[in-house]
Amino acid sequence: MRRIDFDYLVIGGLLLSALYVFLTGLVMDAWGARQFAFHRYAGYLSAALAALHLLFNWSRVRAYLRWRLKRMKARRTPTARSGGVSLPARLSRREFFYVLFAAVGGYILGRSPTGAQRLAPVLEGADVSVLYHRWSSPGRFWPFRAPRWGGRPARYKTYANVERIQLPDPRAFRGLSFEETVEQRRSHRNFRQEPLSLEELSRLVHAAQGITEPRSEFRAAPSAGALYPIEVYVAAHRVTQLPSGIYHYAVREHSLNLLKQGDFRSALMQAGLWQEFLADANVCLILSAIFQRTRWKYRERAYRYIWLEAGHIGQNIYLAATSMGLGACAVGAFHDDQLNELLGIDGEEEAALYLLAVGKI
Ligand SMILES: Cc1cc2nc3c(=O)[nH]c(=O)nc-3n(C[C@H](O)[C@H](O)[C@H](O)COP(=O)(O)O)c2cc1C
């Protein structure tokens, strides 16, 4: 291959990468993205190709610059036509239009707001949810994963040296039809003092996060990327064969890990902004999230997915309770710190998201 062939290859590559930088720049701007790995790498490639192109053509560039300099000097040299006076370098018509075009183009581009400028009014409004919503838009378009998003944590949370209560098989039960269940689902806040059976609790946690497809370990509720960031805890008060206490649902084993034994109704009610029915319910299922399970893959979009998943699971619990003739009520109003403390989680790596009180009605 001759030098000129290389040069044409470089020119072709340069044009393609420049086109790519241009298009990804448009996408970035439209989405208000701050980072876009492909854009950056294509930019580096363009710069490298441009340098290579300059190197290949350096003798021509040098010759051109010399010739241009000479002409400019010649224009400034006093002649008989200028009456012996040196004239300022004059632009040709073509040069004039180049300059005009660059100036107008630069002015228009300079005036158009960038992604960051478009976000400025949101920043002023200081509504962090709107800000988050806007900034989390481009997540799924990012093909490269920056290391700062961290690695993939364990799929299952485990506890060493805790008592484990095996739950009965939840699958034989047939409750109301789907249509009846949907029709009858309501939020209930008045519960009877009758105990819940272990079978009923088993069905509730199975509907929340039970494994329904053992081969791939897929669960009852959908999960973005099948990453399952949600953990389920049970605050149990009146369940046959189960001492009162706080439990963690071990998904793979379909069992409960006893974290704290005792009556935590008052603590739960206080954490739940003193909503009394939290203390009356037989059990309260508490959903938490281990954010990194979804974050390592979906980055800033993960936070959206996690809450959506909590909603899916919450509805499964509502429907499972209804189909068994039980009452349920979702609770989103609670003191985060108090609830996290009750569960023994830090509120950062893992935090409580949602409560579902379930009981006899
Ligand atoms: C995200 C969310 C948070 C909720 N938080 C509470 C709560 O803190 N206290 C409560 O009594 N009900 C709470 N609810 C239940 C709603 O009040 C209830 O769903 C609504 O009144 C509609 O009634 P229905 O569920 O019977 O259709 C919550 C529901 C959702 C979806």
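Helices (H or I, at least four residues) and strands (E, at least two) are taken here as DSSP runs numbered from the N terminus. The structure is a predicted model, in which local features need pLDDT of at least 70 and side-chain atom pairs count only at pLDDT 80 or more, while totals for chains, interfaces and linings use all residues. Residues are numbered from 1 along each chain as its sequence is written, and side-chain values use heavy atoms, with hydrogens and water left out.

The protein has 13 helices and 9 strands. Of its 361 residues, 39% count as buried, where buried means under 20% relative accessible area, exposed over 50% and partly exposed in between (1.4 Å probe, protein chains only). Contact means heavy atoms within 4.5 Å, and of the contacts in the protein with a separation of 6 or more, 75% are between residues 24 or more positions apart.

| Residue | Loop | Relative accessible area |
|---|---|---|
| Ser223 | between S3 (218-219) and S4 (230-236) | 16% |
| Leu242 | between S4 and S5 (245-250) | 7% |

Ser223 counts as buried because its relative accessible area is 16%. Its side chain makes a polar contact with the side chain of Glu309 at 2.9 Å; such a contact is a pair of N or O atoms within 3.5 Å, of which, within protein, one must be able to donate a hydrogen and the other to accept it, and residues adjacent in sequence count only if both atoms are side-chain atoms. With residues up to four places away in sequence not counted, Ser223 touches Tyr228, Pro229 and Glu309.

Leu242 is buried as well, at 7% relative accessibility. Apart from neighbours within four places in sequence, Leu242 is in contact with Ile165, Leu198, Leu201, Ala236, Tyr247 and Leu256. Between Leu242 and Ile165 there are 77 residues of sequence separation, yet the C-alpha to C-alpha distance is 8.3 Å.

Strand S8 (residues 326-331) is mostly covered, with 5 of its 6 residues buried. S8 pairs with strand S9 (residues 350-360) in the antiparallel sense over 6 bridges, pairing being assigned if DSSP finds at least two bridges between two strands. Within S9, Ala357 is the residue that Cys329 stands opposite.
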